[in-house]
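I opened the model to look up its sheets, helix packing, domains and backbone exceptions. My entries follow.

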Amino acid sequence: MSNLMSNYSPLDVTFTKGSGCWLTDSSGKKYFDALSGVGVVNLGHCHPKITQSIIDQSQELLHTSNWYRIEHQEELAVRLCKLANMDKVFFSNSGAEANEAAIKIARLFARQKDIDMPVILTAKESFHGRTMATLSATGNNKVQAGFSPLMSEFIHVDFDNLEAINKYSDNKNIVAVMLEPIQGEAGVIIPQQDYLNEVKTVCEENDWLFILDEVQSGMGRTGKLFAHEYNNLTPDVLCLAKGLGNGVPIGACLAKGKAADMLLPGTHGSTFGGNPLVCKVALSVLDIFEEDTILDNVNAMSDYIANQLKKNLEDCSAVAQIRVKGLMIGIGLDERIIDCTKLLQKALEDGLLINISGNSIRMLPPLIITQKEVDILIKKIIKLINA
Ligand SMILES: *Cc1c(COP(=O)(O)O)cnc(C)c1O
């Protein structure tokens with residue numbers, strides 16, 4: 001019995017403590033968190049510098065309002081813009097809201113171009129959030145079921161297929177393309193190396209905005225601070241959230257050039273967005289990336305994990321594909337050989353937290369994972385798949 005609405009169906013476990021890669025439940029049992037709270041607690045649970053930052057800021061000031069200047073927000077904007085080579089930022093409380101801001105920017109861009117019925121191209125199997133606009137953008141019927149009429153603004157095209165986008169070059173209503181550099185919720189789908197560059201070129205040729213949803217792939221998850229750095233390009237709009245606050249709710253919509261000048265006074269806002277607490281914590285997250293060589297660890301552990309998975313699972317008939325970019329890890333399984341629906345519960349019993357998307361195991365372990373911890377994780381995964 002619960003007074004909570006039934007939109008979640010949580011596993012029957014309650015965690016009461018966390019430290020680094022590990023969680024402890026109410027009975028004292030320990031679990032390896034290979035999901036980082038779904039890509040949020042990238043620097044590990046209860047990172048001491050984050051904890052201290054929360055204590056310090058909560059003794060100074062939690063919240064004022066965006067009707068007044070906010071020092072930490074301004075500082076965070078400067079640092080994020082510098083890191084991402086962008087011009088301006090809007091701060092939200094979540095990934096969906098960061099994307100919502102991006103979609104509003106695309107609409108205002110359409111007004112400027114005298115387009116009455118603007119359309120944004122997004123990818124099949126994509127995930128952009130649960131608000132009405134972002135679920136319409138999402139390329140997944142399960143997310144949309146029951147919520148029609150959807151916003152007609154989105155056309156879903158095949159991911160990692162330039163032709164599918166090129167086909168719309170003559171369509172005068174297209175204003176933007178919105179993509180995840182690596183599809184996360186879909187089970188870690190990594191496109192070909194130059195896909196994003198080619199899409200960006202098509203966007204430039206057609207005067208479309210190139211919007212990247214890095215809510216999951218950003219903040220070091222792939223071994224660079226932003227996944228699109230692998231392509232040496234800059235999008236017009238970049239959305240962040242999840243790892244940006246390491247557990248405090250903050251999202252960011254960054255924009256460059258013409259896209260940076262769309263939101264004017266009165267066009268958008270958020271009561272909580274970018275308050276002193278969350279911005280201070282996000283600044284501490286950036287500090288830790290600078291001071292603690294987090295990305296070096298991601299890249300070293302990524303290579304090690306990829307090798308270990310290959311070595312131990314390549315010959316396993318249940319394993320169809322191993323996909324690794326940084327510490328975004330997908331293991332495609334053959335459903336004829338292994339029952340994916342049982343894996344979550346089995347892993348839980350063995351003290352391991354993972355996610356199953358379709359017929360893939362998805363893992364997003366903390367970026368601070370050590371080689372010893374990788375060995376523990378790999379052992380549990382092999383046991384899970386071979387059981
Ligand atoms: C998680 C996620 C979102 C939604 O973020 P919320 O904070 O849950 O609103 C959007 N896009 C991507 C790529 C995500 O992984």
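**Entry 1: the antiparallel sheet**

I started at helix H12 (residues 371-386), which lies across S11, S12 and S15 and runs at about 165° to S15. My terms: helices (H or I, at least four residues) and strands (E, at least two) are DSSP runs, numbered from the N terminus. Axes are lines fitted to C-alpha atoms, for helices over the stretch in contact, and angles run from 0 to 180 degrees between N-to-C directions. Contact means heavy atoms within 4.5 Å.

I noted the source next: this is a predicted model, where local features need pLDDT of at least 70, side-chain atom pairs count only at pLDDT 80 or more, and totals for chains, interfaces and linings use all residues. Residues are numbered from 1 along each chain as its sequence is written, and side-chain values use heavy atoms, with hydrogens and water left out.

The open sheet has four strands in the order S11-S12-S15-S14, with antiparallel pairing; two strands pair if DSSP finds at least two bridges between them. Strand S11 (319-325) and strand S14 (355-357) are at the edges with a single partner strand each, so one side of each has no neighbour in the sheet. From one strand to the next, the twist averages 20°.

I checked the pairing of S12 (residues 328-333) with S15 (residues 360-363): four bridges join these antiparallel strands. Ile-329 has Met-363 in S15 as its bridge partner. Helix H10 (residues 294-313) also packs on this sheet, touching S11 and S12, and its direction makes about 170° with that of S11.

**Entry 2: the mixed sheet**

I looked up another open sheet, with four strands in the order S1-S2-S3-S13 and mixed pairing. Its edges are strand S1 (15-19) and strand S13 (352-353), each with a single partner strand, so one side of each is left without a neighbour in the sheet. Strand S3 (residues 30-33) runs parallel to S13, and two bridges join them. Phe-32 has Leu-352 in S13 as its bridge partner.

**Entry 3: H3 on H9**

I took the helix pair next. Helix H3 (residues 71-84) and helix H9 (residues 276-291) pack at about 35°, with axes 9 Å apart. Their crossing is left-handed, meaning that the near helix is turned anticlockwise from the far one by less than a right angle. On the H3 side I listed contact residues including Leu-76, Leu-80 and Leu-83; on the H9 side, residues including Leu-283 and Leu-286. The residues of this contact divide into eight nonpolar, two polar and five charged.

**Entry 4: domains**

I read the split as domain 1 (16-46 + 293-386) and domain 2 (51-291). These bounds come from an automatic or database domain assignment. The domain centres, taken over C-alpha atoms, are 26 Å apart. At the interface, 29 residues of domain 1 are in contact with 29 residues of domain 2.

Between them, the domains bury about 2300 Å², 59% of it on carbon and sulfur atoms. Buried area is the accessible area (1.4 Å probe) that two parts lose on being put together, summed over both. In domain 1, Leu-43, Lys-325 and Met-328 lose the most area to domain 2, together 30% of what that side buries.

**Entry 5: backbone exceptions**

Most residues other than glycine have a negative phi, and most peptide bonds are trans. I logged two exceptions.

- The Ser-148 to Pro-149 peptide bond is cis, with omega near 0°. Pro-149 is in the loop between helix H6 (141-144) and strand S6 (154-157).
- Asp-207 has a positive phi, near 55°. Asp-207 lies in the loop between helix H8 (195-206) and strand S8 (209-213).

Technical notes: Nonpolar A, V, L, I, M, F, W, Y, C, P; charged D, E, K, R; others polar.
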